[in-house]
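Thank you all for making time this morning. I would like to walk you through one model, and I will ask you to keep the display in view while I talk.

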Amino acid sequence: MTSSAAEPWRVEDTRALRSWRKACRLLNLPQEDAVSLDIACRRHPLKITHHYLRLLRADKPGGPLRRMLLPDARELTHAAAESADPIGDAGIHQVAPGVIHRHPSRVLLCPTWRCGGYCRYCFRRRRVGEEWRNWRADDIRGALDYIVAHPEIKEAILTGGDPLMLNDAVLLRLLGKLRQLPQLRLLRLHTRMPAFNPRRLTGSLAAGLAALQPLWLVTHFNHPREITPEVERALGRLRRRGVPLLNQSVLLRGVNDAPATLGELCWRLAAAGVKPYYLHHPDRALGTSHFYVSLARGRRLWRDLWRDLPGYLVPMYVLDSPGGGGKAPLVPAYSARAGFVL
Ligand SMILES: *Cc1c(COP(=O)(O)O)cnc(C)c1O
Ligand code: SF4
């Protein structure tokens, strides 16, 4: 605890901005809609690292990166199609605290609800930001017991929240315990930390993760400008240790809903050694209508990607079904007469 408290990434995390009024001052934004934005930030906290703040400074008002991190009065409007648990995680599939088991072969583990920054579009925004709710020893035991009782589970996926918010010691101890279960063929980490706080990917974390192979790390980048030279260096530390890297993105209106933006994101990911894995159709979390993109538009965007990119750089376009049914691929079907059918 004490030694990691002084690590540069933790210092960066502790210094993260948590007040939208201060964000407005630093970004020279008009402090409008004060009451609404206060409410929005009570419902889903604001958190912006100084690394990311530099990107927001370079972004224009209403620009893609600002939309992802700054509160918006429209968050208080709840559309009929929206829900607090848009993909049915918390209901039927939560089998123990922070253990979500929907697909037989793999289980999601949420050891923390903290993140390196908070995305306004987050589909887990109902839980995320509950900063006090880290796993305790009995939660870890409960998760391990559950996995052992379900031998069909072959992969454990740490998600959250962001598992890289845990200290190396805590994270590697948890992963080490999972690694000792012979049924687990793969370990996986889902993290947005490389975008918010690239210093988190230290050489010693990379070495610790490499020792747990086979382990895959899945990043979360939505816009090409999130992949800065510092981020590329951080990803390089993992890659050189042989940790395979994938990326998932969320399709978001005004952020990346243009073929040129998504295409550029995929090229940059590839150059950083990251394979684009999923493009998620936006989930209908409460107060996120201003991020929503229609299915028809999403499909046209995906078709443009397919046309413009090498096949291995095209992410699979998926929709998480609202009832908790899992991900449905939205790739177009083929018709011999018409080519793609959308
Ligand atoms: C997305 C998801 C997974 C992982 O799915 P993959 O297709 O293996 O990436 C596992 N469990 C749940 C509940 C999920 O939503
Ligand atoms: S990092 Fe992931 S879990 Fe955290 S706020 Fe963003 S989308 Fe939600």
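I will take the two ligands in turn, and then a few residues around them.

Before that, a word on conventions: this is a predicted model, in which local features need pLDDT of at least 70 and side-chain atom pairs count only at pLDDT 80 or more, while totals for chains, interfaces and linings use all residues. Residues are numbered from 1 along each chain as its sequence is written, chains are lettered from A and ligands numbered from 1 in the order in which they are written, and side-chain values use heavy atoms, with hydrogens and water left out.

Let me begin with ligand 1. The residues around it, meaning those with a heavy atom within 4 Å of the molecule, include R102, R106, R188, Y277 and K327. A polar side-chain atom of R106 lies 2.5 Å from an oxygen atom of ligand 1, for Y277 the corresponding distance to a ligand oxygen is 2.6 Å, and an N or O atom in the side chain of R188 is 2.8 Å from an oxygen of ligand 1.

Which residues surround ligand 2? They are C115, Y118, C119, C122, V128, G161, R192 and H220. This shell divides into five nonpolar residues, two polar and one charged, where Ala, Val, Leu, Ile, Met, Phe, Trp, Tyr, Cys and Pro count as nonpolar, Asp, Glu, Lys and Arg as charged, and the others, Gly among them, as polar.

One member of that shell, H220, lies in the loop between β6 (215-219) and α11 (229-240); helices (H or I, at least four residues) and strands (E, at least two) are DSSP runs, numbered from the N terminus. H220 counts as buried because its relative accessibility is 16%, the term covering anything under 20% relative accessible area, with exposed over 50% and partly exposed in between (1.4 Å probe, protein chains only). Leaving aside neighbours within four places in sequence, H220 has contacts (heavy atoms within 4.5 Å) that include Y121, R192, E226 and N247.

That brings me to N247, which lies in strand β7 (residues 245-250) and is buried, with a relative accessible area of 1%. The side chains of N247 and T219 are joined by a polar contact of 2.8 Å, and the N247 side chain also reaches the backbone nitrogen of F221 at 2.8 Å. A polar contact here is a pair of N or O atoms within 3.5 Å; within protein, one must be able to donate a hydrogen and the other to accept it, and residues adjacent in sequence count only if both atoms are side-chain atoms.
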